[in-house]
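Me: Got a structure here. Can you walk me through it?

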Amino acid sequence: MEKRFRNIAKVALVLVYLVIVAGAVVRMTGSGMGCPDWPKCFGYYIPPTHASELEWKPTHTYRSGQVIIRDETLQVAKTDFTTETAFDTKNWEPYTKHDYAVFNPAHTWTEFINRLFGALAGLGTLVLALYSLTFWKKQKVVTLVSWVVVLAMGFQAWLGATVVYSVLEPVKISVHMVMALVIVALLLFLIHKTKNRDTPLPYDPLTVRLLFVALAFSLFQIIVGTQVRQFVDVQTDLFGESNKHLWLQNPNVQFYVHRSFSILVVLLNLFLAYRITKKNLGYDKIRWVLLLLFLEVISGMGMYYLHFPFSSQPLHLVFAAVLFGLQFYLILEPIKSATSPKTL
């Protein structure tokens, strides 16, 4: 039972990470407003592929909620109806969430795929929660946390809608990213909670406290990084895709904080690796943490010195998200044995 549950949880975790990857691609391509409404896309379950599909047409049947672009505004069909030979305003109402009315098929389908991954991840967590009911008598915490994940996914979907309605407000993007990491942490907790370990890892209080600090540092870096990314987005609009060397011209203070704080993050994790090795604690995942930190630093340096090579931005974010998950799981392993008589 535990093994099957853990397999489902791992699939759900992979799906959540795919949502993070897709979201990073959305940011890289500037596709965040590819679907200006939510949860549908221009009022369709399957979005349009050509601008002509969003133009008003005579003798054409529209369904309630479908959207057209007219005079640079979004117009929403009030009911099901068939148009006549002239546009009739009584059949339409303006979209009031925002005034963004641009159709770019590449952006639309990039954002639509991102939403599909989100729906799959939501389905995966729902299946996990339903299966968790088998743990109710044995481990109530597994069932409860599983349903918290479902609620968190629903809240995350709502946050995604608010991001769209706000036309990509930076603070809401940051909250959206942090919530994704919370979901990752909850799934990792479930995976660890249902794992059988014959010999628990030793518990060293100072090391565990430092692991918590390292995790907090990584979360802080991710939050500041989303603000730096917003600055880059503004620079991209200002200078264009062909002038990447100007994107970090006169950077904001968040950029310097993000860059300088990374030194402290690296030093702390190097010290942790040294301490874990010296005390022979067996926290082997620290090696993967160092590898991901190395990749994170390299991708960050590549963006700055090589002027944002292709895919460097989403990779930088994905490395950070995986690093966060790995650091969280690294903390869980010794905590399980905190009260064991074998602990240090």
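Notes on the model

Reply: Tyr-304 has a relative accessible area of 32%, so it is partly exposed (buried is under 20%, exposed over 50%, partly exposed in between; 1.4 Å probe, protein chains only). This is a predicted model: local features need pLDDT of at least 70, side-chain atom pairs count only at pLDDT 80 or more, and totals for chains, interfaces and linings use all residues. Residues are numbered from 1 along each chain as its sequence is written, and side-chain values use heavy atoms, with hydrogens and water left out.

Me: Where does Tyr-304 lie?

Reply: In helix H7; helices are DSSP runs of H or I, at least four residues, numbered from the N terminus.

Me: OK, the inside. Which residues touch the most other members of the largest nonpolar core?

Reply: Leu-187 and Tyr-283, in a core of 60 residues. Such a core is a set of buried Ala, Val, Leu, Ile, Met, Phe, Trp, Tyr and Cys residues joined through side-chain atoms within 4.5 Å. Another core, of 12 residues, lies apart from it and includes Leu-54 and Phe-112.

Me: And what is Tyr-283 in contact with, leaving aside neighbours within four places in sequence?

Reply: Among others, Leu-201, Pro-202, Thr-207, Ile-276 and Leu-330. Contact means heavy atoms within 4.5 Å.

Me: Switching to Gln-221: buried or exposed?

Reply: Buried, because its relative accessibility is 11%. Gln-221 sits in helix H5, residues 205–239. Not counting residues up to four places away in sequence, Gln-221 touches Val-257, His-258, Phe-261, Ser-262 and Val-265.

Key. Helices (H or I, at least four residues) and strands (E, at least two) are DSSP runs, numbered from the N terminus.
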